[in-house]
Each structure stands twice: as structure tokens, then as C-alpha cells.
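Hi,

Here is the structure I said I would send over. Have a look at it first, and then read on for what turned up.

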Amino acid sequence: HGVSSGDSINPQQSSLRQLMMNVKPILQLIVKCTRDAGLHTCAPLQQIQKLTRLRVIDNSELGKSAMLEGRPPKCIHIYSKIRFGYTGDKVLVAIKGQKKKAILTGCHQNQKPLMPKFDSNNIVLIDDNGSPLGTRILFPIPTMLRHKLVEMSRPKGADYTKILAIATRFV
Amino acid sequence: MMAGLARMRILSLTRQLASLGLGGRRHTGSSAVPAKVLPYRKTRGDDDDVNMQQIPDDFRVVFPEFLPDPKPEWRNRLREKLERQDMLARRAVMAIPEFYVGSIMGVTVADPNASGKINRFVGICIQRGGTGLRAWFILRNVIDHQGIEILYEMYSPLINNIEVLRLEKRLDDELLYLRDALPEYSTFPLDMDPELIQEGAPVPVNHLKVQLKPRPWHERWERKNLQGLLDLGLPERFYKRAKLHEKPWEKFDLMKEYRATIPEEEQADIFREISPHYEQLEASRRRAKRRRTKIIRS
């Protein structure tokens with residue numbers, strides 16, 4: 001008579017349910033103890049580092065297909081001495097099984113005064129010479145990139161200012 | 001009524017503390033040694049009551065950055081006085097209008113990287129803070145389906161013009177939940193015309209209730225006691241846990257209110273100090289535009 005209706009269907013499931021019923025008060029006690037201890041975590045800094053997922057904002061085929069299938073590119077390296085990426089930094093991303101370079105055009109992290117803060121971490125895909133893979137950037141980019149990309153470019157090396165030519169709106 | 005009683009108690013408390021003359025050694029720790037409370041010194045003797053009456057009632061709400069940060073470790077009377085002088089000098093050059101969280105504003109800044117060397121941004125004020133010359137506000141807008149926020153320091157010399165396009169208040173003091181709301185609640189046209197309201201009319205309150213996107217959110221909005229949100233539609237357990245985190249005793253905590261405010265006598269002193277400039281400050285509040293500024297776009 002101590003047999004529950006679930007036994008006849010699946011004895012494994014009912015024993016699991018009985019286990020959970022025994023374990024539940026212990027789990028509740030653990031949750032209560034951690035809550036009463038006053039443990040808390042600080043708000044996330046939303047910095048861009050390795051394995052951060054980024055959003056491609058140009059109209060390149062690679063970028064569009066990656067964003068559409070729900071597998072956005074992941075940052076795998078930041079070309080800077082600091083291990084975090086800021087607006088205008090060059091990063092290496094893993095996108096659809098390939099490695100591509102990109103420029104960070106907008107960060108979700110809290111910014112200094114007068115610097116726009118975006119709702120998503122945006123990138124524009126480029127090749128080794130700094131030429132963008134797409135033909136147009138449909139989202140706004142900050143005006144400070146005009147200065148930063150010129151600074152990054154070398155006369156006989158990569159020219160990163162080409163992405164400014166395909167931008168539609170500056171903020 | 002509660003607020004009135006609280007204010008009376010705070011006033012008597014300040015007088016008692018002033019008479020004790022607490023002060024002395026600097027403390028590096030947090031709460032063991034009481035913070036140094038500077039004694040209150042009256043700047044004028046005789047006609048106190050008359051001057052208190054002349055101060056407009058809403059000055060502390062319209063110009064909140066003139067009041068210093070109440071934290072005693074950060075108080076420095078001389079620095080505050082010099083800052084107020086600098087603030088008034090800046091306001092003489094560029095009028096900073098009256099605005100609230102929820103007002104839609106347009107800010108023009110000098111930007112060496114922008115075309116024409118100036119850059120204009122229009123957005124809704126979602127938060128304001130800071131005191132003195134470091135007073136700031138954040139504007140939010142959704143441009144080309146991209147949410148953008150910019151923090152402006154009100155007294156920065158890089159700012160050419162601050163214009164209030166729609167003067168209104170909202171049901172909450174901070175609108176940070178707009179980051180998790182549907183984009184239409186943060187979208188405002190960049191070429192918006194200023195909407196003028198009558199002189200002397202009270203600031204309208206927009207009772208708009210905002211709908212949030214599905215979770216995850218930036219913060220636990222159900223715990224923040226916000227009035228400007230539609231029903232969040234969360235399971236019952238969220239509201240139960242929110243109730244556990246509630247602190248209903250805080251509104252009765254007089255010392256907490258005392259630590260978070262500048263005593264009324266000091267406020268009166270500060271506003272009396274800036275009283276020679278009342279005309280200029282009142283002129284910046286005037287809503288009807290006297291002159292039109294033409295922005296020549298090359």
C-alpha cells in the first residue's frame with residue numbers, strides 16, 4: 001500500500017522523486033543560510049575580454065549569417081597590452097569556424113563623459129589590411145573612432161580608417 | 001505630516017550637535033568613530049525669517065547641484081563656496097535650463113572629430129546626479145535600432161548648449177529600467193522641436209507605464225518598488241523574495257535621513273549666498289524662448 005502510482009510506470013522515476021523529497025528541506029536550509037549570511041555579488045562590469053560574444057553590425061555575408069543562425073562571434077584575442085577591449089580596439093574573433101579580425105565600434109560598459117555607451121558590444125569585421133568585409137555599417141558609431149583609427153593606422157601597414165567610409169551615422 | 005515632524009526633529013538635532021562641537025581626530029575606518037560634524041555658523045543675524053521667505057520654495061529641486069554632498073568626509077566649506085561661484089560664472093555664459101528625469105533634452109557639444117566641430121544628441125534624461133561642478137545627467141535614445149546613452153557633465157566647457165525639448169517628470173526618480181524596456185519607450189526623433197509650456201505652470205507628470213522585454217534584465221526591477229512599470233508578469237516566487245528584501249523601516253529612520261540631507265539652515269545659507277544671482281537663474285528657467293539661435297550646418 002506504500003506504493004505510489006508512479007511505481008507501475010517507472011520505478012526509477014519514483015525513487016528519484018522520493019530522493020528529491022528527502023533532499024529538498026536540506027537544500028532549502030542551505031539556501032536560507034547563504035541568504036542570511038548576506039552574500040552578494042557586485043553588478044557586472046560588462047568588459048570585453050576573451051570569450052565575450054560580440055555583435056556584427058556591418059552587412060558582410062559572414063557576419064549576417066553568423067548573427068542570423070544565433071551563433072554570434074566570440075572574442076578570442078585582444079590586440080592590446082591590457083586584457084580588456086575598449087572602443088576602437090582591434091580584436092580577433094572566432095566566427096563560423098573561422099578566425100577574423102574586427103574593430104570594436106561600441107561597448108556596453110559604462111563610459112567616460114561624452115563617450116556614447118551602446119546597448120550591445122558591436123564590431124565591424126576587417127581583413128589584415130584593415131579593409132572591411134562588408135560594404136555598409138547600418139548602425140551608429142562613435143565620432144572618436146575618426147581619431148583612434150587614424151592613430152592605429154600605419155602609412156605602410158594596415159589602414160583602419162576605411163571602415164569610416166562605409167559608416168552611415170556618427171554619434 | 002511625518003515629513004514635517006521628521007524635519008523638526010532634524011533641526012533640533014543639528015542644534016544639539018552644534019552645541020556639543022563634535023570634532024577632532026581624523027578617522028580612517030568606517031563606523032567606529034563618529035564622523036566630524038562641522039558646527040553651524042549663521043552668516044546673517046537679524047533678518048533671518050525675512051530672507052527664508054524670499055527664497056523660492058522649489059530652488060532645492062530645480063537647482064539640486066548647488067547643495068553639496070551630505071557625506072561629512074567630503075565636505076569642505078571653502079571648496080563648496082568657490083565651486084558655487086564657478087557654477088554661477090558658467091551659467092552666466094551658458095544657460096542651463098530646469099530639467100528633471102524624464103525630460104527630453106538636446107545637447108550640443110564641441111567635438112573635434114565631428115563634422116562642423118559640433119555634435120548634437122537628443123535623448124530622454126534617465127538619471128541625474130553629482131553635486132557642484134561635477135553635476136551630470138545621462139541621456140538615452142534609440143538611433144537606427146541601436147540604444148545609445150551619453151553622460152554629460154553639466155558644467156563642462158565642452159558643452160555649447162543644453163536645450164529642454166519636452167519638460168516633464170515621470171513616476172520614478174530614475175529611468176534606468178528603460179534599458180530593459182521595449183525600444184519604442186526610448187526612441188525620440190533627433191530633429192524634435194521644443195514643446196513649450198506656459199510660464200509658471202507646474203511641471204507636468206507623465207503617468208506613462210512602461211512595458212519591459214522578457215527577462216534577463218540588468219537589475220531585479222521587481223525589487224525596486226517602481227511606479228512607472230506595467231505588470232512584470234513574473235512567477236509568484238519573485239515577488240515573495242522581493243518581499244524578503246524589503247526594508248519598510250527605512251522611511252522611519254531619522255538618522256539615515258539626516259545623513260542624506262543638508263540641514264535646512266545650511267540650505268538657507270547657501271541659497272542666500274547665491275541670492276544676488278537669482279534673476280539670472282530665474283531667467284534660465286524661463287520656458288519661452290526669447291531669441292532663436294541659428295545653427296549653420298556646413
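Arg215(B) is partly exposed, with a relative accessible area of 48% (buried means under 20%, exposed over 50% and partly exposed in between, using a 1.4 Å probe and protein chains only). Before I go further, note that this is a predicted model, so local features need pLDDT of at least 70 and side-chain atom pairs count only at pLDDT 80 or more, while totals for chains, interfaces and linings use all residues. As for bookkeeping, residues are numbered from 1 along each chain as its sequence is written, chains are lettered from A and ligands numbered from 1 in the order in which they are written, and side-chain values use heavy atoms, with hydrogens and water left out.

Back to Arg215(B): you'll find this residue in the loop between β7 (205-206) and α5 (236-244) of chain B. (Helices are DSSP runs of H or I with at least four residues, strands are runs of E with at least two, and both are numbered from the N terminus.) Together with Arg220(B), Arg237(B) and Arg241(B), Arg215(B) forms a positive surface patch. A patch takes residues with over 30% relative accessible area and no salt bridge, joining like charges within 9 Å and nonpolar side chains (Val, Leu, Ile, Met, Phe, Trp, Tyr) within 5 Å. Accessible areas come from the Shrake-Rupley method with a 1.4 Å probe, and for residues only the protein chains shown count as cover. Lys and Arg count as positive and Asp and Glu as negative, with His and the chain ends not counted; the charge is placed at NZ of Lys, CZ of Arg, CG of Asp or CD of Glu.

Chain A has a patch of another kind. Leu16(A), Leu19(A), Met20(A), Ile26(A), Leu27(A) and Ile30(A) make a nonpolar surface patch of about 580 Å². Ile30(A) sits in helix α2 (residues 11-36) of chain A and is partly exposed at 47% relative accessible area.

While we're on chain A, its secondary structure comes to five helices and six strands, in the order α-α-β-α-β-β-β-β-β-α-α along the sequence. Of its 171 residues, 38% count as buried.

Now the salt bridges. There are 22 of them over all chains, where a salt bridge is a side-chain nitrogen of Lys or Arg within 4 Å of a carboxyl oxygen of Asp or Glu. Here are some to look up:

- Glu69(A) pairs with Lys96(A), with the closest N and O atoms 3.9 Å apart. Glu69(A) is in the loop between α3 (61-68) and β2 (74-78) of chain A and Lys96(A) in the loop between β3 (90-95) and β4 (98-106) of chain A, so the pair ties together parts that are 27 residues apart in sequence. Both are partly exposed, Glu69(A) at 46% and Lys96(A) at 41%.
- Lys81(B) meets Glu273(B) at 3.7 Å, N to O, in a salt bridge. This pair links distant parts of the chain, with Lys81(B) in helix α4 (residues 77-93) of chain B and Glu273(B) in helix α7 of chain B, 192 residues apart. Lys81(B) is partly exposed at 39%, and so is Glu273(B) at 28%.
- Glu250(B) and Lys256(B) form a salt bridge at 3.5 Å, N to O.
- Asp119(A), Arg140(B), Glu149(B) and Arg179(B) are joined into one network by salt bridges that share partners.

Helix α7 (residues 264-273) of chain B is mostly covered, with eight of its ten residues buried; among them are Ile270(B) and Phe271(B).

Strand β3 (residues 136-143) of chain B is mostly covered too, with seven of its eight residues buried. What does β3(B) pair with? One partner is strand β2 (residues 118-129) of chain B, antiparallel over five bridges (strands pair if DSSP finds at least two bridges between them). In that pairing, Gln127(B) stands opposite Ile138(B). The hairpin of β2(B) and β3(B) has six residues between the strands, and Gly130(B) there takes a positive phi near 80 degrees.

β3(B) also pairs with strand β4 (residues 146-153) of chain B, antiparallel over eight bridges, and Trp136(B) has Glu153(B) as its bridge partner. Two residues separate β3(B) and β4(B) in their hairpin, and Asp144(B) in the turn has a positive phi of about 55 degrees.

Cheers
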